[in-house]
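Subject: Structure for you to look at

Hello,

Here is the structure I promised to pass on.

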Amino acid sequence: MVKVFGTSFVGEGVQSSMNSLLFASGNFIATSAPARGMNQDRRPRRLRTDGVRGLVSETDLDASDLIAPVFVDATTDERVPIETMPGHERVPVEQAVARVEEIRETGVEAVIVFGIPEDKDERGSRAWAADGVVQRAVERITAETDAYVITDVCLCEYTSHGHCGIVEEHAETDPTLTVENDPTLDLLANTAVSHARAGADMVAPSSMTDGMVGAIREGLDADGHDDVPIMSYAAKYESAFYGPFRDAADGAPAFGDRRHYQMDPANAREAMREVALDVEQGADVLMVKPALPYLDIVRAIRESYDHPVAAYNVSGEYAMLHAAAEKGWLDLEAVAYESLLSIKRAGADLILTYFAEDIAERM
Ligand code: PBG
């Protein structure tokens, strides 16, 4: 890298001294001349001086755009660092309020809560338990802080097999079998209702179950939570960038993968159909996940809908920048900021990101 820059620098030097020679004439020396064909009226660099850059800047990143993920773990009574996500921890329920207060101190106002339950079963029943890990944490956070509390509604952290719903019999051995869609809907609705009862301000279904937004909307309304918005993980891809999260939340599938329910990374038009269905079912905020490898999807949704668009800058996007920075190959703060700015520029209004605290502190 150093060599590449060195070479090109020498190249420019040679070029400019050649120009000086070529254009020396009479009693003045033109040390530079416009390139042939250049229109001298148009100089974009005029708007790049320090005084004006801020005035013409098209995109702003603000702490109020960011949502920080919080992991609450029912299996521990002390904070446990998440190895693949430097700076993040799983915290016990007793520490949930303290964790959220740390986040609020940086200027970030919203959190999304993920839970690691004390035990798992085939149906993921701890996901909707009134005394479940998320429910207990949310009760405390909403009672004791001013944070805006969003909950992830999914079953993969709660099922013994790690899939995002009830799985068909023999799915373990037959790769064509997968999550049963319709029987999973009630469980998701129950989970969302239990979160709202605990005080959640917003729910975010992430299981890619067809009909999940409608089922959850119905469940919430029937239980008196018609004021709780749904942020749907509307276009969620079957991505290898979730790797570090599965370490954090202990939600890796025990067998198979999620390709039968999460979207194929090859597809963009399909995302628009997914989103249309969620909008029909009453989604209030539309999320794309992951973020950086899918900015075309963020932009396409932004252009077709007037709903707020969210993008999830996922665990792998965080981990790879950290890994490169650790090697001294990238400036972490600069690439993190540039990543989030790019996500906003593509059209996202809100960003879920593990960089939330670090970036907010810098602003
Ligand atoms: C599902 C869920 C996942 C993530 C958020 N919600 C994991 C998955 O779909 O496998 C991933 C988030 C990340 O990678 O940061 N409950």
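Among contacts in the protein between residues at least 6 apart in sequence, what percentage join residues at least 24 apart? The figure is 72%, where a contact means two C-beta atoms, placed from the backbone, within 7 Å.

Before the rest, two notes on the model. It is predicted, so local features need pLDDT of at least 70 and side-chain atom pairs count only at pLDDT 80 or more, while totals for chains, interfaces and linings use all residues. Residues are numbered from 1 along each chain as its sequence is written.

Overall layout: the C-alpha trace spans about 90 × 40 × 40 Å along its principal axes. The protein has 12 helices and 12 strands, which are DSSP runs numbered from the N terminus (helices: H or I, at least four residues; strands: E, at least two). It is divided into domain 1 (1–33) and domain 2 (63–362), with bounds from an automatic or database domain assignment. The C-alpha centres of the two domains lie 53 Å apart.

The largest nonpolar core has 104 residues, and Ile67, Val111, Ile216 and Ala311 touch the most other members. H5 gives this core its largest share, 8 residues. Such a core is a set of buried Ala, Val, Leu, Ile, Met, Phe, Trp, Tyr and Cys residues joined through C-beta atoms within 7 Å.

Helix H5 (residues 181–198) is also where Ala189 sits. Ala189 is buried because 23 other C-beta atoms lie within 10 Å. Leaving aside residues up to four places away in sequence, Ala189 touches Ala215, Ile216, Glu218 and Gly219.

After H6 comes Gly224, with a positive phi near 85°.

Last, the ligand. The residues around it include Asp152, Cys154, Cys156, Tyr242 and Arg246, each with its C-beta atom, placed from the backbone, within 6 Å of the ligand.

Best wishes

Definitions and conventions
Buried ≥ 20, exposed ≤ 12 C-beta atoms within 10 Å, placed from the backbone.
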